[in-house]
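Colleague: I am new to this structure and would like a close look at a single part of it. Please take the nonpolar core and the strands around it.

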Amino acid sequence: MKNKFFFLILLFYQAYAQEIPIVTNYDDGRAYTTIAVDNKNRIWAGTDKNGIFILDKEKNQTEFTHQNFPAESNISELTINSMAGDESGNIWVAHSGTQNLYNVYGGVERINTTTLSIQHLSPDRNAQGIPFLENDGIGTRNVQQVIADKNNNIWLAQKYHVMTSDPGTIQPGTFSYRKADAYTEKFKSVGTWKDVKEGKPDLILHFPAYTYKLPISKSHGTRNVTSITANGKYLYVAVEGYEVQDLQGNDKFLGPRILKYH
């Protein structure tokens with residue numbers, strides 16, 4: 001009888017112990033804005049203007065260490081919003097640049113996790129239809145989130161950025177996508193300005209169309225895509241509300257919503 005009682009207590013203890021997570025505390029006093037895992041199981045942690053830190057457990061590291069990059073990469077000056085690792089050995093860094101009014105240097109960095117080389121990706125054109133020197137196809141310099149889906153596609157969610165000293169001239173928010181290892185191809189950008197509630201689909205943007213030629217919202221929050229996720233079959237994007245004008249010049253508010261793309 002005692003043996004049975006002891007056995008029941010042991011089973012209860014094991015079940016209870018399995019519910020208690022084992023926590024390792026990496027409390028180094030830094031405020032991290034995002035974390036990601038690369039294809040070598042290293043942990044990457046991004047910050048707001050304090051660079052990138054890496055934890056390599058295969059090297060038995062017990063704390064995050066600052067990763068040095070070439071000074072011209074501006075990594076230490078960037079407001080990093082999101083990071084994602086793909087199956088091709090890259091870490092994608094979504095950021096808002098130096099987070100001044102114009103999101104200078106903003107966009108996406110693709111870091112090769114083996115060589116630590118960096119490729120900076122920027123929009124093709126601004127809201128006035130003027131080409132940038134960088135021509136990588138992403139929608140804006142204010143990238144809020146980056147994800148890699150199970151098919152090794154990279155997806156970007158972007159807010160607007162201001163283009164000129166005139167606060168009314170902006171590059172509206174979009175989402176963008178590309179194969180992770182399609183290194184010679186541009187991203188394709190999609191605007192969410194059309195009213196899908198009325199059956200009008202969003203379109204691939206052919207710059208400079210659908211940027212400066214459409215009526216600009218009365219607020220700077222126009223057409224912001226704040227978050228994005230994909231499961232390999234469907235894409236979901238979270239969009240802030242904004243005002244548009246119909247063909248008769250009447251104002252119309254499109255509320256915040258989640259859009260599902262097939």
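Modeller: What follows goes from the whole protein to that part. This is a predicted model, in which local features need pLDDT of at least 70 and side-chain atom pairs count only at pLDDT 80 or more, while totals for chains, interfaces and linings use all residues. Residues are numbered from 1 along each chain as its sequence is written, and side-chain values use heavy atoms, with hydrogens and water left out.

Of its 262 residues, 45% are buried, where buried means under 20% relative accessible area with a 1.4 Å probe, protein chains only.

In the largest nonpolar core there are 15 residues, and those touching the most other members are W155, F175, I228, L235, V237 and Y261. Such a core is a set of buried Ala, Val, Leu, Ile, Met, Phe, Trp, Tyr and Cys residues joined through side-chain atoms within 4.5 Å. At least two residues of this core come from each of β10, β15 (225-230), β16 (235-239) and β19 (257-261).

Leaving out residues up to four places away in sequence, V237 touches F175, V225, S227, I228, R257, I258, L259 and Y261; contact means heavy atoms within 4.5 Å.

Strand β10 covers residues 153-159 and includes N153. N153 has a relative accessible area of 16%, and therefore counts as buried. Beyond its neighbours within four places in sequence, N153 is in contact with I147, A148, R178, K179 and A180.

Key: Buried < 20%, exposed > 50% of the residue type's maximum accessible area, 1.4 Å probe, protein only. Helix = DSSP H or I, 4+ residues; strand = E, 2+ residues; numbered from the N terminus.
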